[in-house]
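Me: I've got a model open and want to talk through the surface, the strands and the charge pairs. Can you walk me through them?

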Amino acid sequence: MNSNLLQQHAAFKRQAAAANSTPSSSSSSKPRSSEPSKKRFKPDLKAVSQNPNTFKWLKLSVDKLKKRYQKERKPISVEDLIKAIRLDLDPHEKSWLANALKENIKVEYDREKDKFAFKPTYPIHNKVDLLTILRDHYETGMGGILEADVKECIMKHDEVLEELKSEGLLRSVTRSDKQSVLFYRDTSIETPMETQFQELWNSVSVREITEQDIENYLKRVGISTMEGFNSKKKATKKKPAKRRRNIRMLNSHLDSKMLKEFD
């Protein structure tokens with residue numbers, strides 16, 4: 001047999017064997033769309049919201065963020081937050097907690113880093129920040145700030161308040177709802193008063209004196225009261241006028257001439 005034919009025949013066998021030994025190459029070239037797609041995780045937030053422990057999870061998370069703000073003021077991921085609180089939550093519960101923190105007004109969410117941080121009412125970190133905000137409120141006429149808002153920013157807020165009071169720069173007032181309001185104390189407008197005048201002022205009691213008593217006293221000493229001082233008289237309601245009823249005449253089919261009066 002011709003040697004050239006034998007060589008061609010051997011080469012053909014080698015090519016056929018190589019083609020049969022690599023069948024996976026053709027299958028790997030198939031588009032990825034033919035592969036079964038993985039199902040996307042969808043948390044069941046409605047079912048988790050019925051869990052009675054959800055409020056506890058949220059409160060522990062916000063309190064932890066508050067303490068973290070008082071120390072280092074660095075944002076934290078929800079995974080690290082759950083570990084710090086030592087909660088055992090499944091993926092559905094973790095998703096619920098993350099959504100609840102995003103909607104909480106006391107929590108600031110960083111979308112780029114996907115982290116959370118405490119959001120105080122005022123950016124107070126120390127004594128200087130507190131004094132600056134109090135002075136700004138005083139100069140702009142905004143009044144004072146709640147002590148509770150300061151408490152959530154500074155860990156040892158009592159010591160800071162005592163220092164400002166001892167320096168004569170802080171005044172606190174307790175409202176009717178038992179909440180304490182802090183004001184900046186401007187010592188430049190305070191006028192010193194002698195002790196005898198202070199005692200005389202405090203000795204006068206006006207608890208049982210009404211506005212009418214004050215008005216009568218001013219009239220006796222010849223001082224006219226201010227316009228609009230008198231209490232407004234109650235407006236008397238006018239009785240509505242009676243409406244006349246239209247009485248329908250009976251026997252209207254009879255002529256008036258036909259009707260006679262009998263004694």
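Me: Which residues form the positive surface patch?
Reply: Lys64, Lys67, Lys71 and Arg86 form it. Patch members have over 30% relative accessible area and no salt bridge, with like charges joined within 9 Å and nonpolar side chains (Val, Leu, Ile, Met, Phe, Trp, Tyr) within 5 Å. Lys and Arg count as positive, Asp and Glu as negative, while His and the chain ends are not counted. A charge is placed at NZ of Lys, CZ of Arg, CG of Asp or CD of Glu.

Me: Before we go on, what should I know about the model and the numbering?
Reply: This is a predicted model: local features need pLDDT of at least 70 and side-chain atom pairs count only at pLDDT 80 or more, while totals for chains, interfaces and linings use all residues. Residues are numbered from 1 along each chain as its sequence is written, and side-chain values use heavy atoms, with hydrogens and water left out.

Me: Which residues form the nonpolar patch on the surface?
Reply: Val204, Val206, Ile209 and Ile214, with about 350 Å² of accessible area together. The areas come from the Shrake-Rupley method with a 1.4 Å probe, and for residues only the protein chains shown count as cover. Val206 is in the loop between helix H10 (195–203) and helix H11 (211–220), and Val206 counts as exposed at 57% relative accessibility.

Me: OK, strands. How do E1 and E2 pair?
Reply: Strand E1 (residues 107–110) and strand E2 (residues 115–118) are antiparallel, over four bridges. For two strands to pair, DSSP has to find at least two bridges between them. Val107 is opposite Phe118 in E2, and Glu108 is opposite Ala117 in E2.

Me: What's in the turn?
Reply: E1 and E2 form a hairpin with four residues between them, and Asp114 in the turn has a positive phi of about 55°. Asp114 is not a glycine. Asp114 is partly exposed, with a relative accessible area of 39%.

Me: Where does Arg73 sit, then?
Reply: Arg73 is in the loop between H4 and helix H5 (78–85). Arg73 also has a positive phi of about 55° without being a glycine, and counts as partly exposed at 33% relative accessibility.

Me: What about the open sheet, what's its strand order?
Reply: E3-E5-E4, three strands with antiparallel pairing. Strand E3 (145–146) and strand E4 (170–174) are the edge strands, each pairing on one side only. E3 pairs with strand E5 (residues 180–184) over two bridges, and Leu146 has Val181 in E5 as its bridge partner.

Me: Switching to charges. How many salt bridges are there in the whole structure?
Reply: Ten. Each one is a side-chain nitrogen of Lys or Arg within 4 Å of a carboxyl oxygen of Asp or Glu.

Me: Which residue meets Glu167?
Reply: Lys127, at 2.6 Å, N to O. That pair links distant parts of the chain, 40 residues apart: Glu167 is in the loop between helix H9 (157–166) and E4, and Lys127 is in helix H7 (residues 127–140). Glu167 is partly exposed at 44% relative accessible area, and Lys127 counts as partly exposed at 25%.

Me: And which residue pairs with Arg171?
Reply: Glu190, with the closest N and O atoms 3.2 Å apart. Arg171 is in strand E4 and Glu190 is in the loop between E5 and H10, so they tie together parts that are 19 residues apart in sequence. Arg171 is partly exposed at 42%, and so is Glu190 at 34%.

Me: What about Asp177?
Reply: Asp177 forms a salt bridge with Arg175, the closest N and O atoms being 2.7 Å apart. Asp177 is partly exposed at 38% relative accessible area, and Arg175 is partly exposed at 39%.

Me: Which residues are joined into one network?
Reply: Lys127, Glu163 and Glu167, through salt bridges that share partners.

Conventions:
Buried means under 20% relative accessible area, exposed over 50%, partly exposed in between (1.4 Å probe, protein chains only).
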